[in-house]
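Thanks for coming. I will take a few minutes to walk through one structure, and I would ask you to keep it on the screen while I talk.

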Amino acid sequence: MEIEERQPVPAGSGRAVPAGPRSGEPVGERSPEASAASSPGPCGPRRSPFTRRALLAGVAGCAVLGGVLVLLPSLDGREAPRPAPGPVARAVSAVGAGVPAALPDLTALIHDREARVRARPRDDVSWAVLGAAYTERARRTAAAVSYPKAEKALRTSLHLRPEDNVAALEGLASLADARGDFRAARQWGESAAELAPRRWTTYPALIDAYSGLGDHKAVDGALDKLLALRSGPAAQAVAARVYRDRGRREDAAAAISDAAAGAATGPEQAAFLTQAGDLAWERGDRQESLDHYRAAVRTDAHAYEALAGQGRALAALGRTSEALRAYRAALAGRPVPRYALELGELYDQLGRGAEARTQYDLLRDLARRDGAAGVDDQPVLGLFEADHGDPQAAVRELRAEWRRQPAIAVADALGWALHRAGSDEEALGFAVRAMDTEHGGGVRSALYAYHRGQIERDLGLSGPARRHLTEALRINPYFSPLLAPAAREALTALGEPPAGGPPEESGETADEEQPAPQAAPGAPAAR
């Protein structure tokens, strides 16, 4: 017997469906164990020992429910321990809670639900679970072919059950986030939240969507709702991302530390350790970040983001051979453009130009592959073209991206592309926006500070340039194998501020005192 759960239908809808979980709980497939616990079953309630004969006679009719063994009281009246959940059950639990599943478990779940929808093609719940599993596989392994499969499965679920299908709506929101289509993610996520405002698993997808659109007031509102509904590790990890974006590095580190300590599974803990490593890396702590990344890989051998993080940290520690091996392993397991760019720039720094070009060619191939699957890689691709390819092409693509999704990362990338294309006055407007706390630009990013400092330097704003280049190296002296040395060279060329000079030349002038550059229509002007 298979158990399906659906959201309650509003009164007056005229359509009866099986009862769903309590308001605010994720909708998915209840584990057979939970179903057995909430129902007396065909055997009725537990019998006392003197009824052993009747109990044993009923074992044949009661032992299996929904394909899973239902545990019976032992003859001495004590209940035997429950067996550990299998790979499909573990993956259903992880996918339903919005946390990483072990890749072998995820594969088992996909095979199980593919078989189920072939046998029961009108099972909207199984289609929704299958779509969420495809999305998670694509996110974890960069298997771009899984994105169209996820969309087909989720839309099939929505077609079969067009009303009150919160699981499909939430799945479509997560899929759009994974593809970088934040407008679609907002639309699907808000529809899901409207139907089930107390379903906590919708809000992480909404927070990612609002962040990708630069709507930081909406981020704060969604985070408040999430934390009011949930306080566990998954919610703490989301909060840590928001705190990081606001420049609250200590709060972010505390939240992700608590999340890692409370993680229920290896893949979940590995994801949180990777996030902790990213925070340590961004503040320039090479060894601490490496320790977190290594712990993540020990916990989950498929933690490819942590392998790439190891590459970054090892390169900064001067352990180049190990760094190259880590990057290659990360790219083999999760081939994404960002890893190819980082490895290519490391080869460039080492003077291995031919190998760098191989990685840059790979980056373009990966971006084309992703684009065919509906994935938006423009921020990374734009930075690559600005530094290693065609800056004018980068400006064209990033202008379109800014109109669609005016996020902080897009502002920084577009500002840098404009600078590389020779439009420094317009570039400064976007560079200022990327660091403007009033518009959500509070993240302490060495890259953003470096970009702004170089733009100011070329505009002759020596004081602000000196300040922001110094800030970049203070945040993380190792932020890029190519750009960190360039920041030091630029500071040397700028020299010390003149003694007794005006405040701007001493580097003490507030940003508001800089000349405002000419901004493009729809772009922020530097203040």
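I will start with the whole chain and then go through some parts of it.

This is a predicted model, in which local features need pLDDT of at least 70 and side-chain atom pairs count only at pLDDT 80 or more, while totals for chains, interfaces and linings use all residues. Residues are numbered from 1 along each chain as its sequence is written, and side-chain values use heavy atoms, with hydrogens and water left out.

The protein has 27 helices and two strands. Those are DSSP runs numbered from the N terminus, with helices being H or I of at least four residues and strands E of at least two. Of the 527 residues, 50% are buried. Buried means under 20% relative accessible area, exposed means over 50%, and partly exposed is in between, with a 1.4 Å probe and protein chains only. For contacts, meaning heavy atoms within 4.5 Å, take residues at least 6 apart in sequence: 57% of those contacts join residues at least 24 apart.

Now helix H16, residues 304–316. H16 is mostly covered, with 11 of its 13 residues buried. Among these are Tyr 304, Gln 310 and Arg 312. The buried residues of H16 pack against H5, H6, H14, H15, H17 and H18. After the helix comes Gly 318, with a positive phi near 80°.

H5 covers residues 103–119 and contains Val 117. Val 117 counts as buried because its relative accessibility is 5%. Beyond its neighbours within four places in sequence, Val 117 contacts Ser 126, Trp 127 and Leu 130. Leu 130 is 13 residues from Val 117 along the chain, and their C-alpha atoms are separated by 8.8 Å.

Next, the nonpolar cores. A core is a set of buried Ala, Val, Leu, Ile, Met, Phe, Trp, Tyr and Cys residues joined through side-chain atoms within 4.5 Å. The largest has 105 residues, and Ile 207, Leu 223, Leu 226 and Ile 256 touch the most other members. Apart from it lies another core, of 40 residues, including Val 395 and Tyr 450.

On to aromatic rings. Rings of Phe, Tyr and Trp (its six-membered ring) pair if their centres lie within 6.5 Å; planes under 30 degrees apart are stacked, over 60 edge-to-face, and the rest tilted. The count comes to four pairs. Tyr 360 and Phe 384 have ring centres 5.3 Å apart and planes at 50°, so that pair is tilted. Tyr 360 lies in H19 and Phe 384 in H20, so the pair ties together parts 24 residues apart in sequence. Both Tyr 360 and Phe 384 are buried. The rings of Trp 416 and Tyr 450 have centres 5.7 Å apart and planes at 50°, so this pair is tilted too. Trp 416 is in H22 and Tyr 450 in H24, 34 residues apart. Trp 416, Tyr 450 and Phe 479 form one aromatic cluster.

Last, Glu 471, found in H25. Glu 471 is buried yet has no salt bridge, and the nearest side chain of opposite charge, Arg 444, is 4.2 Å away. A salt bridge needs a side-chain nitrogen of Lys or Arg within 4 Å of a carboxyl oxygen of Asp or Glu. As for charge, Lys and Arg count as positive and Asp and Glu as negative, with His and the chain ends not counted.
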